[in-house]
Amino acid sequence: MGGVASAEKTPPPSYLVLEKPLSNTTPDYRTGEVTADANYGFDGKKRKERVMVASDAEMQSVKVPQKFRDFCAHHYINFEKCKKDKFPLLYRCHPEKHNLEHCQYEDYLIRMKEYERERRLLHRKQRKEAKNKGGDEE
Amino acid sequence: MSLPLLVARRISPRAVVQHSRALSTTSVNSAGYWNKDWRPTDDPPANEEARRAAAKKYGMIPEDYETYANDGTGYGDYPKLPIITAESKDPHALYDFPELKRNYGEPLHVDADLYGEDRWDRTRRFVVPLHTQALMFFGVMGGTFLLFCLSEYVRIAPIRMMPKHMGTDGKKHYSFELEDVE
């Protein structure tokens, strides 16, 4: 975590996708690249950086599936542990399950918000460019 | 129709004739009294005399009597009969065994158990012909399967969210909560 990421753009898939190419104002949902600064437009305040609670070693020892190695991984591990401890009476793991699902839900919201933010910023950029072109060029 | 008349029709002369015929054929058709007596021989009849005897054994006239080829199927002198499924027999005829549409002493086809009313009707005609039925079935099932296969590769609606923030992709991710200002 925290290393400088070389945002490697994944090549477009070779199979057929009947889909319009991304317009100038459509965020790239494939790579998730954000053009603006993460804290831009928050009145000088800073957004909290998401922290990974479960360590890599922990996730490896629990054998967390690749798709669960997100910011909810510690909830996943808790849930798995609970299931193992209370095996036949799995209903007792309901709180753990709820925590995991709630975390996933919040994650989903963040992804949608991130998309919308990027989309609006791209529109704003386009508006500004059109205005600059029409008016006197500085 | 009055009741006496109904009773009279029930025991009609024809029924009586049928019944007496069935009784009378007992001694004529009987080629034996025990299962082994009815068992077909191992080989088809060799000469004309044996052929006539075999035809009599199965209650048939020699002109109609015909055997299966002696090719190892083991039918022996059992008669080769045309396939007439019970479903295509006259439903109004008077049979000795109406449930089976069969008369007493009537020779049975080798595969008679396949041709009962509860099995197969050879002369059946469908409202929708079979090839159309097959076309309809494979059209619907195949079409659905094709859509299923295509759905793996064709996306119609765009995805309106960013890819999942993974802890392992080495990027920095931010939530929308704000840090407390000191």
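Buried area is the accessible area that two parts lose on being put together, summed over both. In this predicted model, the area buried between chain B and chain A is about 3,600 Å². Carbon and sulfur atoms give 63% of that area. The size of an interface is often given in this way, as the accessible area lost when the parts come together.

The contact draws on both chains. Chain A supplies 43 residues and chain B supplies 26. Two salt bridges are found across the interface of chain B and chain A. Twelve residue pairs are in polar contact across this interface, with both residues at pLDDT 80 or more. On the side of chain B that touches chain A, 13 residues are nonpolar, six are polar and seven are charged.

Side chains of opposite charge can pair when their charged atoms come close. Over all chains, the count of salt bridges comes to 16. One of the salt bridges joins the side chains of Lys164(B) and Asp70(A), at 3.1 Å from N to O. This pair crosses between chains. Lys164(B) sits in the loop between α5 (130–150) and β1 of chain B. Asp70(A) sits in the loop between α1 (56–62) and α2 (73–85) of chain A. Glu177(B) and Lys48(A) also meet through their side chains in a salt bridge, at 3.3 Å from N to O.

Strands also link the two chains. Within β1(B), Tyr174(B) is the bridge partner of Glu49(A).

Asn39(A) lies in the segment before β1 of chain A. A polar atom of the Asn39(A) side chain lies 2.9 Å from the backbone nitrogen of Arg47(A). Leaving aside residues up to four places away in sequence, Asn39(A) touches Lys45(A), Lys46(A), Arg47(A) and Arg117(A).

Chain B also carries an annotated span. An unreviewed UniProt entry gives residues 134–154 of chain B the annotation "transmembrane region". In the model, this span is 81% helix and 0% strand. The end C-alpha atoms of residues 134–154 of chain B lie 28 Å apart.

How values were computed:
Residues are numbered from 1 along each chain as its sequence is written. Chains are lettered from A and ligands numbered from 1 in the order in which they are written. This is a predicted model: local features need pLDDT of at least 70, side-chain atom pairs count only at pLDDT 80 or more; totals for chains, interfaces and linings use all residues. Side-chain values use heavy atoms; hydrogens and water are left out. UniProt positions are given in the numbering used here, feature names are shortened, and annotations may be inferred rather than shown by experiment. Helices (H or I, at least four residues) and strands (E, at least two) are DSSP runs, numbered from the N terminus. Contact means heavy atoms within 4.5 Å. Buried area is the accessible area (1.4 Å probe) that two parts lose on being put together, summed over both. A salt bridge is a side-chain nitrogen of Lys or Arg within 4 Å of a carboxyl oxygen of Asp or Glu. A polar contact is a pair of N or O atoms within 3.5 Å; within protein, one must be able to donate a hydrogen and the other to accept it, and residues adjacent in sequence count only if both atoms are side-chain atoms. Ala, Val, Leu, Ile, Met, Phe, Trp, Tyr, Cys and Pro count as nonpolar, Asp, Glu, Lys and Arg as charged, and the others, Gly among them, as polar. Two strands pair if DSSP finds at least two bridges between them.
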